[in-house]
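Here are my notes for your reading of this model. Please keep the structure open beside them.

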Amino acid sequence: MAKLRIGVVGAGYWGKNLLRVFDARPDVEVCAVADPDRAAAEAVAAGRPVVADVDALLRQYDPEAVVIVTPPSTHYSLARRALQHGKHCWVEKPLALRAAEARELVALAERNRCQLFVDETFLYDPLVRLARDWIRQGRLGTVYHLSFERLGQGRIRRDSNVWWNSAPHDLSILCYWIDAPVQEVSVRAFDYLQPGIADVAIGTVCLHGGISAHIYLSWMAPQKVATATAVGSRGMLVFEGRFGKRRLDFFEFSVSDRTRTVGNVIPIERFQCTESVPGGNEEPLALAAEAFVHSVRTATPAPSAGVYSQRVVEILEAGLPYGGCPHAGVVAD
């Protein structure tokens, strides 16, 4: 089978990582790199052709697929351009900054029979997939609550806030694990470093069936945290998502019958970690690249396909529309 010819748009931090994983695949040929910063593009292109923008890439090299690794504010326009030319498309998360734009891209991809893939890398971590199996097979019992925390001083953006940059990771996992409609989203966000651009956000998502989820995001924390916890009636799981420390733990617990309890405390009868699965040597980003190639070759939507990821954008927008100012509730005297 002929190699899949892709063009990469964006030669920044994450673009270099994607070039590395696609270069490692024998079934992919990176035909050119596009970036307005020619020096940056040449630095990562490793001798491949360099062009200034997506139009030059499409016109001069006619790739089968376009990989868009640019700031979030450019995702919609660049993906739309590629899809209009009938190109399969990989887009860094989030798919777009407005739900209407995400839905337009999904419709355009379907109309032109293109695969629209969003880089929600965690969905390709085998531990996240195993956790989904545990939840869907009922190992946790009835799911009550989920909690996501993503903290640490990392890449502080200037064109979008912590909610639109970090929450897509957690919301994509939430939607992947829990197949229930979202009924309500609320977000409180705070800007300490840049006026109008939140660097701390705390979100609450209420889903059908009484399931709740909490999302805590901060670019202003001294410790690095990337965890997802799910709590059910019979068990709990904790996913540690930091690279190099990946792990999935399962806990069994039981609580005394409150109707037979005397006093003000309901005893925990049992609480024990009964299974701990360490992460392997696989790289989730490389697995995502494999899934993208497979989706193009088989015309099969991947778990992070646009048709699924548009729901993430809808939740993001419901919680804090892009460009909305951080705010905190006011308590009257």
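1. In what order do the eight strands of the open sheet lie? The order is β8-β9-β10-β7-β11-β12-β13-β14, and the pairing is mixed. Strands are DSSP runs of E, at least two residues, and helices are runs of H or I, at least four, all numbered from the N terminus. Two strands pair if DSSP finds at least two bridges between them.

2. This is a predicted model: local features need pLDDT of at least 70, side-chain atom pairs need 80 or more, and totals for chains, interfaces and linings use all residues. Residues are numbered from 1 along each chain as its sequence is written, and side-chain values use heavy atoms, without hydrogens and water.

3. β7 (residues 143-151) pairs with β10 (residues 211-218) in the parallel sense, over seven bridges. Leu146 has Ala213 in β10 as its bridge partner.

4. Now the helices. Helix α7 (residues 162-177) packs on the sheet and touches β7, β8, β9, β10, β11 and β12. Contact means heavy atoms within 4.5 Å. The direction of α7 makes about 150° with that of β10. Axes are lines fitted to C-alpha atoms, for helices over the stretch in contact; angles run from 0 to 180 degrees between N-to-C directions. Helix α9 (residues 306-319) lies across β8 and β9, at about 55° to β8.

5. The whole structure has zero disulfides, counted as pairs of cysteine sulfur atoms within 2.5 Å. The sulfur of Cys114 is 8.4 Å from the closest cysteine sulfur, in Cys89, so the gap is too far for a bond.
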